[in-house]
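Colleague: I have a model open and want to learn to read it. Can you take me through its features, starting with one residue?

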Amino acid sequence: MINLLTACSSNSNYNEVETYNNKEVLYKKAVILQDAAAQFALGANYYFGQNGYTKDYDQAKKWFEASAKQGYTSSQYNLGLMYNKGEGVKRDYKKAIMYYEQAAQANFIRAQNNLGLIYYEGKAVPQDLDKAKLWFEKAANQGHLKSQAALASIYLLNDKNYPKGLELLKKGLKANNPQAQLLMGVLYDNGTAVSKDKNKAKKYYSLACKNGLQKACELSKNIH
């Protein structure tokens, strides 16, 4: 059976920032006034090399850190991403988790989802399904559809708690969530929690495929 949570994961993008068209105003807010949002915007400009700034990871990290120290969750999250992916810095999962947790404790949804993935996958740290469920549930309760599908996957495929898993899964299906559609397809394909039904499996794979999940397209083709 495929790893549904891997299929649910994504390359999370950096949090969108407020743009400051005037470099002088941005610099004054970030450096002189120590404005956390401006520091974050400055860091993002350096990271992406946008809005007239030259890409500079060291400067990006510097301004994200300055903003994060003030408790700015978007900067904490983005530092977590940098260390998680090794983008502009040496990959360091401990630091990634530290920054994710700072943002997640402040209910930053994507940080909660990423922590769930880290604890489920067990690559950076030993697998811990209880912690994975904890963070997925926090994000799912805020309406994060990928976390909702990931949580359903754990209940269905790991815990064998079919009633709870199917309850969550139905919510995702109502929201036209492709991760939920993929998972539903896998359940019908393998006869897990539901009666095996290849036609229904293909139906849900096809829906997920139309919604952009390449893995679902591949699985749909395998059903004749």
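Modeller: Gladly. Keep in mind that this is a predicted model. Start with Phe64. Its relative accessibility is 0%, so Phe64 counts as buried.

Colleague: Is Phe40 buried or exposed?

Modeller: The cut-off for buried is under 20% relative accessible area. Phe40 has 2%, so Phe40 is buried.

Colleague: How many aromatic pairs does the whole structure hold?

Modeller: A search of the whole structure gives nine. One of them joins Phe40 and Phe64.

Colleague: How do I read the geometry of a pair?

Modeller: Take two values: the distance between ring centres and the angle between planes. Planes under 30 degrees apart count as stacked, over 60 as edge-to-face, and the rest as tilted. For Phe40 and Phe64, the centres are 5.6 Å apart and the planes make 35 degrees, so the pair is tilted.

Colleague: Where in the chain do Phe40 and Phe64 lie?

Modeller: Phe40 is in helix 3, residues 36–48. Phe64 is in helix 4, residues 57–68. They are 24 residues apart, and the pair links distant parts of the chain.

Colleague: Which aromatic cluster includes Phe40 and Phe64?

Modeller: The cluster is made of Phe40, Phe64 and Tyr72.

Colleague: What does an edge-to-face pair look like here?

Modeller: Look at Tyr46 and Tyr53. Their centres are 5.2 Å apart, with 75 degrees between the planes. That angle is over 60, so the pair is edge-to-face. Tyr53 is buried, with a relative accessible area of 11%.

Colleague: Which charged end sits over the ring of Tyr53?

Modeller: That of Lys23. Its charged end is 4.6 Å from the ring centre.

Colleague: Now zoom out. How many helices and strands does the protein have?

Modeller: Count the elements, then read their order. There are 13 helices and zero strands.

Colleague: What about overall dimensions and burial?

Modeller: The C-alpha atoms fill a box of roughly 65 × 30 × 30 Å along the principal axes. The protein has 224 residues, and 46% of them count as buried. The accessible surface comes to about 11300 Å². Carbon and sulfur atoms account for 45% of that surface.

Colleague: And contacts across the sequence?

Modeller: Consider contacts between residues at least 6 apart in sequence. Of these, 48% join residues at least 24 apart.

Colleague: How many positive and negative side chains are there?

Modeller: There are 31 positive and 19 negative side chains. The centres of the two sets lie 5 Å apart.

Technical notes. Residues numbered from 1 in each chain as written. Predicted model: local features only at pLDDT ≥ 70, side-chain atom pairs only at ≥ 80, totals over all residues. Heavy atoms only, no water. Phe/Tyr/Trp six-rings, centres within 6.5 Å; stacked < 30°, edge-to-face > 60°. Helix = DSSP H or I, 4+ residues; strand = E, 2+ residues; numbered from the N terminus. Buried < 20%, exposed > 50% of the residue type's maximum accessible area, 1.4 Å probe, protein only. Lys NZ or Arg CZ within 6 Å of the ring centre and 35° of its normal. Contact = heavy atoms within 4.5 Å. Areas by Shrake-Rupley, 256 points an atom, 1.4 Å probe, with all protein chains shown as cover. Lys, Arg positive; Asp, Glu negative; His and termini not counted. Charge placed at Lys NZ, Arg CZ, Asp CG, Glu CD.
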